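This briefing sets out the fold, helix geometry, salt bridges and surface of the protein shown below. The points are grouped by topic.

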Amino acid sequence: MTPLNVLVLLFAVAIGFLGGAMPGISGAMLVIILLPITYGMAPTPVFLLLTGIYGASVFSGMISAILFRTPGTPEAIATVFDGYPMAQKGEAGRALGIAIICSVIGGIFGTLVLIFLTPVLADFAIQFSSQEYFALGVLGLTVVASLSGGDLTRGVIGVLFGLFIATIGIDVLSGATRFTFGSAELMSGVGFIPILIGLFGVSEVFRRSREKPDLIDEIQKVKTKILDLPILKRVAGTVARSSIIGVFVGILPGVGATTAALLSYSEAVRWSKTPEKFGTGIPEGIAAPETANNAAAMGALVPLLSLGIPGSATTAVILGAFILHGMQPGPMMFMQEMDLVYTIFAGLLVVNILILLLAKPFISLFSKTVKVPYTILGPYIIILCLIGTYAVRNSIFDVWVMLLFGIVGYYFENIRFPIATIILGIVLGPMVEEEFRRSLQISGGDLTTFFARPISGTLLALAILALFFPLLQSFFKKIRNKQVTDLK
């Protein structure tokens, strides 16, 4: 709590807020940008800065997701599904308030787990092999039935399209090129950020630009209400479940907070008594992903500090920062650098408290942009999307991909195609494919390996049940209706 460290944390939260709220600027990018200037600094302020930016950027991605339907970070993609519809109803302040309190709860829960249960949870994560990762990914894909608005056929097509996009580039396992058509730009695959910004951000600008000004439902005033007790009581179960899912998924190396948010959203739909309301702007649809992605962000530090294995893209960059400063995260770090480790833990708790204190004034400033006429705001959003997309890999090719998917998203929305299912396939596709093939290589092509292991078998059984349950429910409903008609 020295003055320098407190100032570092305040600066980290401010930078994380700005970077996370701007489309295309992720926590990983902010950490990469600041990494070179930290080389001559002492380790304590360096890692307070980097982890503070990480936590704040994961939180603030929801601001532009709710207000403009453009996720500031990939972790906020699932927040769009219900956050933006709620804002369109004139309840932007309510949506932001739910997101703030749920993010802070998830972040604090994740940090407490990080402090007290790091060794235990790291040992459990080690038990996960390729079969479990594959089953977890398949379970996440079954949310297609909910994200497709009841049209399962279109939803499956969307997921398959996303899975196809995820196969483009160099095959990780064999090294062969797939669907590159001789293009050097496609060798590394199609970037997730350009697709995300195109489908949700650019397509929305295109849609709004086609509307007459008097028909555009402007958000007149954003008054954030954080402590809405009736809403908190309503989403308490969702928050508790999503906190556990978020931490658990975050601990699994390489999965990340984006996957945690999507899985948590899918479970919220699965447990809901009114799943058809998801996507129309309900509190549970905001609480689930926002709790999970912040909890997962903290959980991702568990394998990093305990095993030296990054749990997400941003923690991979932070791993590089540790190595740059002559430290190797892992079991020995708790013995050699215990003061630094627990300073990071304490700093993350302070960051979550600062988020709660500073989020409302920051949003009140940021949300004033909604008062700007859309003829000005639309081009500004496009410029931010262009800058954010280009900055990821310094690639003009990514900019063209973003614009292409902006057009695709615009026309898909006109025919009410569930574009969220495409993102689901892209996010979970690489993990599902790689772990499936790796499992078959290990088992010698034996498909029963997925059901022979208790954890993977249980997850796959739940996935199959979840996918076919709506069909069975519809089938039995028709039978009941027919029986009632015959009785009449």
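How many helices and strands are there in the protein? There are 22 helices and 2 strands, where helices (H or I, at least four residues) and strands (E, at least two) are DSSP runs numbered from the N terminus. The model is predicted, so local features need pLDDT of at least 70 and side-chain atom pairs count only at pLDDT 80 or more, whereas totals for chains, interfaces and linings use all residues. Residues are numbered from 1 along each chain as its sequence is written, and side-chain values use heavy atoms, with hydrogens and water left out.

**Overall burial and contacts**

- The protein has 488 residues, of which 57% count as buried; buried means under 20% relative accessible area, exposed over 50%, and partly exposed in between (1.4 Å probe, protein chains only).
- The protein exposes about 21200 Å², with carbon and sulfur atoms supplying 69% of this area; accessible areas come from the Shrake-Rupley method with a 1.4 Å probe, and for residues only the protein chains shown count as cover.
- Of the contacts between residues at least 6 apart in sequence, 78% join residues at least 24 apart, contact meaning heavy atoms within 4.5 Å.

- Helix α3 covers residues 43-68, and its 26 residues should span 38 Å at 1.5 Å a residue, which agrees with the 38 Å between its end C-alpha atoms; the expected span is 1.5 Å times one less than the number of residues.
- A kink of about 30° in α3 is centred on Val-58, the bend at a residue being the angle between axes fitted to the seven residues ending there and the seven starting there.
- Most of α3 is covered, as 24 of its 26 residues are buried.
- Just after α3, Arg-69 adopts a positive phi of about 60°.
- Leu-340, in helix α17 (residues 338-366), counts as buried because its relative accessibility is 6%.
- The C-alpha atoms of Leu-340 and Thr-44 are 6.3 Å apart in space, although the two residues are 296 residues apart in sequence.
- Leaving aside neighbours within four places in sequence, Leu-340 is in contact with Pro-43, Thr-44, Phe-47, Phe-322, Met-327 and Met-333.

- Ser-242 lies in helix α11 (residues 229-251) and counts as buried, at 1% relative accessibility.
- Not counting residues up to four places away in sequence, Ser-242 touches Ser-264, Ala-288, Thr-291 and Ala-292.

**Salt bridges**

- The whole structure holds 9 salt bridges, each defined as a side-chain nitrogen of Lys or Arg within 4 Å of a carboxyl oxygen of Asp or Glu.
- Arg-69 and Glu-413 form a salt bridge through their side chains, with an N to O distance of 1.9 Å. Arg-69 lies in the loop between α3 and α4 (80-88) and Glu-413 in helix α19 (residues 396-414), so the pair ties together parts that are 344 residues apart in sequence. With a relative accessible area of 10%, Arg-69 is buried.
- Arg-453 and Glu-132 meet in a salt bridge at 2.9 Å, N to O. The pair links distant parts of the chain, with Arg-453 in the loop between α21 (449-452) and α22 and Glu-132 in helix α7 (residues 130-141), 321 residues apart. Arg-453 counts as partly exposed at 30% relative accessibility, whereas Glu-132 counts as buried at 2%.
- Glu-435 forms a salt bridge with Arg-438, their closest N and O atoms being 3.1 Å apart. Both residues lie in helix α20 (residues 420-443), 3 residues apart, or about one turn of the helix. An α-helix has 3.6 residues a turn, so residues three or four places apart point the same way. Glu-435 is buried, with a relative accessible area of 13%, while Arg-438 counts as partly exposed at 26%.
- A network of salt bridges links Asp-171, Arg-178, Glu-433 and Arg-437.

**Nonpolar surface patch**

- Phe-451, Ile-464, Phe-468, Leu-472, Phe-475, Phe-476 and Ile-479 form a nonpolar patch on the surface, with about 680 Å² of accessible area together.
- Patches are made of residues with over 30% relative accessible area and no salt bridge, like charges being joined within 9 Å and nonpolar side chains (Val, Leu, Ile, Met, Phe, Trp, Tyr) within 5 Å.
- Helix α22 (residues 454-487) gives the most to this patch, with 6 residues.
- Phe-468, found in helix α22, is partly exposed because its relative accessible area is 43%.
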